[in-house]
Amino acid sequence: MRNNDGSIDCIVQAIVDITAYKNAEAERMKLTLEQEKVNILARFIEDASHEFRTPLAVIYTGLELIERAVKPPPETVLRIRAMKEQAMYIGKLIDDMLAMSHFDSGPAIVTMPLDVNFLMRDLHAEFEEAAQAGGISLVLKLSAVPAPVRASPSDLYRALANIVQNALDFTVPGGTVTLESAIVEGAATVRVTDTGIGIATEDLPRIFDRFFRANQARTGRHAGLGLTIARRIIELHGGQIHVTSEPDRGSVFNVVLPLSR
Ligand SMILES: Nc1ncnc2c1ncn2[C@@H]1O[C@H](COP(=O)(O)OP(=O)(O)OP(=O)(O)O)[C@@H](O)[C@H]1O
Ligand SMILES: [Mg+2]
């Protein structure tokens, strides 16, 4: 810098440039390594899941056969049904773990143009019978105009179905679950409202966490992964999910998705 020929300035500049380049390169390597770790874990979960499926199917069918062929006494029937339920629970857990690993590591979802109202009609049709059986009214209110989004139909359906399933699970007979779609402030909104048991204010921030269940009585049949998966899918669609709830009065889950025109 003391010389007027510019030579020292050039060296300083070169050092700065190389340092910045090295930092960027190190950062890139770190990200690549992280992604590789995630991929290895995802492949492991996938392989392990397939290994679990066969013995699980053998256990389940074995129990069915014993129940039918041996005609056991009532208390044994109860035991067998509890074991079958647990086998089914492990199956669901495997599916959910596969889904989580897929959405965390796999390629992004494949989207196509879709009217959200089509999914809403399918959801209503799928859950109507279960709602009736539980003494719950399942009401469908669709937006007057289509609600076009870009979505992976099966993944978005899975996310919304998890929310509707919860609404039915946590609403007592005589209650109502309402599925609504609307265009609000230039976005497609899906709202699932229930008149169920509600969620305590201190639990609200945690309901999207992995394996979180506010109601411990649910342990053993539900892993607490449904909302984690739902939120991940919605985020992969560029959307958001919000919840408001009041204990003993019910909950409202709002899903907001960008409109595609
Ligand atoms: N509509 C709702 N009303 C009351 N509580 C709810 C509602 N939806 C979610 N919750 C609470 O949030 C927890 C987490 O929900 P989530 O769907 O992730 O798990 P889960 O339903 O218990 O199990 P899984 O979905 O894996 O079968 C639930 O266990 C429940 O305590
Ligand atoms: Mg759930």
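A crossing of two helices is called left-handed if the near helix is turned anticlockwise from the far one by less than a right angle. Keep that in mind for the second view; everything here comes from a predicted model.

**View 1. The chain is assigned two domains, domain 1 (10-105) and domain 2 (112-258).** Taken over C-alpha atoms, their centres are 24 Å apart. Where they meet, 7 residues of domain 1 are in contact with 9 residues of domain 2. On the domain 1 side, that's 5 nonpolar residues and 2 charged ones, with no polar residues.

**View 2. Helix H2 (residues 74-105) crosses helix H5 (residues 226-236) at roughly 30°.** Their axes come within 10 Å. Angles under 35 degrees count as roughly parallel, so H2 is roughly parallel to H5. And the handedness? The crossing of H2 and H5 is left-handed. H2 brings Asp-96, Ala-99, Met-100 and Phe-103 to the contact, while H5 brings Thr-228, Ile-229, Arg-232, Ile-233 and Leu-236. Sort the residues of this contact by class and you get 6 nonpolar, 1 polar and 2 charged.

**View 3. Ligand 1 has 23 residues around it.** Which of them come nearest? Look for Phe-170, Ala-214, His-222, Gly-226 and Leu-227. Helix H4 (153-169) and H5 are the elements that each give two or more residues to this shell.

Technical notes: Residues are numbered from 1 along each chain as its sequence is written. Chains are lettered from A and ligands numbered from 1 in the order in which they are written. This is a predicted model: local features need pLDDT of at least 70, side-chain atom pairs count only at pLDDT 80 or more; totals for chains, interfaces and linings use all residues. Axes are lines fitted to C-alpha atoms, for helices over the stretch in contact, and angles run from 0 to 180 degrees between N-to-C directions. Helices (H or I, at least four residues) and strands (E, at least two) are DSSP runs, numbered from the N terminus. Angles under 35 degrees count as roughly parallel, over 145 as roughly antiparallel, 65 to 115 as roughly perpendicular and the rest as oblique. Two residues are in contact if their C-beta atoms, placed from the backbone, lie within 7 Å. Ala, Val, Leu, Ile, Met, Phe, Trp, Tyr, Cys and Pro count as nonpolar, Asp, Glu, Lys and Arg as charged, and the others, Gly among them, as polar. A residue is near a molecule or strand if its C-beta atom, placed from the backbone, lies within 6 Å of it. Domain bounds come from an automatic or database domain assignment.
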